[in-house]
Amino acid sequence: MKQLFIVDIGDDQCVTHDGYIQIGIFNHSIEKHLKLNPTIDWQVTYWIPDVFNNRYKRVSFQKTEKKNEGSPRTDNNGQGLDLGPKSKGCNKLEDK
C-alpha cells in the first residue's frame with residue numbers, strides 16, 4: 001500500500017505530500033479526505049515540505065554557476081548579453 005502524508009491547514013482544508021513534494025491542496029477536512037481515498041495509507045502530520053522555488057539549488061548547479069561567473073558567454077547573471085528590444089540584425093535592414 002502506498003504511504004502519503006496529509007496536513008490540516010485550517011478552514012476545512014488539507015494539503016497532501018509525499019515527504020518531498022506537495023501533491024495538492026483540498027477544500028475539505030482530513031476526515032473526509034481519508035474517507036474519499038481509502039486505498040492509500042495516509043499519515044497525518046503537522047509539517048509540509050517547501051515549494052520548489054524556495055528550496056536550495058543543487059550542488060552541481062552551484063559549482064557551474066561559480067565557474068561561469070564573469071564569463072561574457074555563460075554568465076548566469078546575464079552580464080555581457082545584449083537583451084535590448086531590437087535584435088542585432090535589425091540595424092542592417094534599417095540602413096538600407
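How many bridges join strand 1 to strand 4, and in which direction do the two strands run? Five is the number: 5 bridges join strand 1, residues 3–10, to strand 4, and the two strands run parallel. Please bear in mind throughout that this is a predicted model.

Let me first set out the overall composition. The protein chain has 96 residues, and buried residues make up 19% of them. Its secondary structure comes to 3 helices and 4 strands. Read from the N terminus, the elements follow the order β-β-β-α-β-α-α. The accessible surface of the chain is about 8100 Å², and carbon and sulfur atoms account for 52% of that surface. Among the contacts with a separation of 6 or more, 40% are between residues 24 or more positions apart.

The 4 strands form an open sheet in the order 3-2-1-4, and the pairing is mixed. Strand 3, residues 22–26, and strand 4, residues 41–45, stand at the edges; each has a single partner strand, so one side of each is left without a neighbour in the sheet. On average, neighbouring strands of this sheet are turned by 25 degrees against each other, direction ignored.

The parallel pairing of strand 1 with strand 4 has already been mentioned. Within that pairing, Leu-4 has Trp-42 of strand 4 as its bridge partner. The other pairings are antiparallel. Strand 1 is joined to strand 2 by 5 bridges, and here Phe-5 stands opposite His-17. Strand 2 is in turn joined to strand 3 by 4 bridges, again running antiparallel, and Cys-14 stands opposite Phe-26 of strand 3.

Strand 1 and strand 2 have 2 residues between them. Asp-11, in the loop between these strands, has a positive phi of about 55 degrees although it is not a glycine. Asp-12 is found in that loop too, and its phi is likewise positive, near 55 degrees. The hairpin of strand 2 and strand 3 has 4 residues between the strands, and in its turn Gly-19 has a positive phi of about 100 degrees.

Let us look further at strand 2. Of its 5 residues, 4 are buried, so the strand is largely enclosed by the rest of the structure. Thr-16 lies in this strand and counts as buried, at 2% relative accessibility. Leaving aside residues up to four places away in sequence, Thr-16 touches a number of residues, including Phe-5, Ile-6, Ile-23, Phe-26, His-33 and Trp-42.

Which residues make up the largest nonpolar core? There are 5 in all: Leu-4, Ile-6, Cys-14, Ile-30 and Trp-42. In soluble globular proteins, nonpolar side chains tend to be buried together. Beyond residues up to four places away in sequence, Trp-42 touches Leu-4, Phe-5, Ile-6, Thr-16, His-33, Leu-34 and Asn-37.

Two loop positions complete the account. The loop between strand 3 and helix 1, residues 30–36, contains Ser-29. Is Ser-29 buried or exposed? Ser-29 is buried, since its relative accessible area is 19% and the cut-off for buried is under 20%. The side chain of Ser-29 reaches the backbone nitrogen of Lys-32 at 3.3 Å. Ser-29 also touches Asp-12 and Cys-14, again not counting residues up to four places away in sequence.

Ile-48 is partly exposed, with a relative accessible area of 31%. Ile-48 and Val-7 are 41 residues apart in sequence, and their C-alpha atoms are 7.1 Å apart in space. With residues up to four places away in sequence left out, Ile-48 touches Val-7, Ile-9, Val-15, His-17 and Gln-22.

Notes: Residues numbered from 1 in each chain as written. Predicted model: local features only at pLDDT ≥ 70, side-chain atom pairs only at ≥ 80, totals over all residues. Heavy atoms only, no water. Pairing = 2+ DSSP bridges. Axes fitted to C-alpha atoms, helices over the stretch in contact; angles between N-to-C directions. Core = buried A, V, L, I, M, F, W, Y, C linked by side-chain atoms within 4.5 Å. Buried < 20%, exposed > 50% of the residue type's maximum accessible area, 1.4 Å probe, protein only. Contact = heavy atoms within 4.5 Å. Polar contact = N/O pair within 3.5 Å; in protein donor to acceptor, adjacent residues only side chain to side chain. Areas by Shrake-Rupley, 256 points an atom, 1.4 Å probe, with all protein chains shown as cover.
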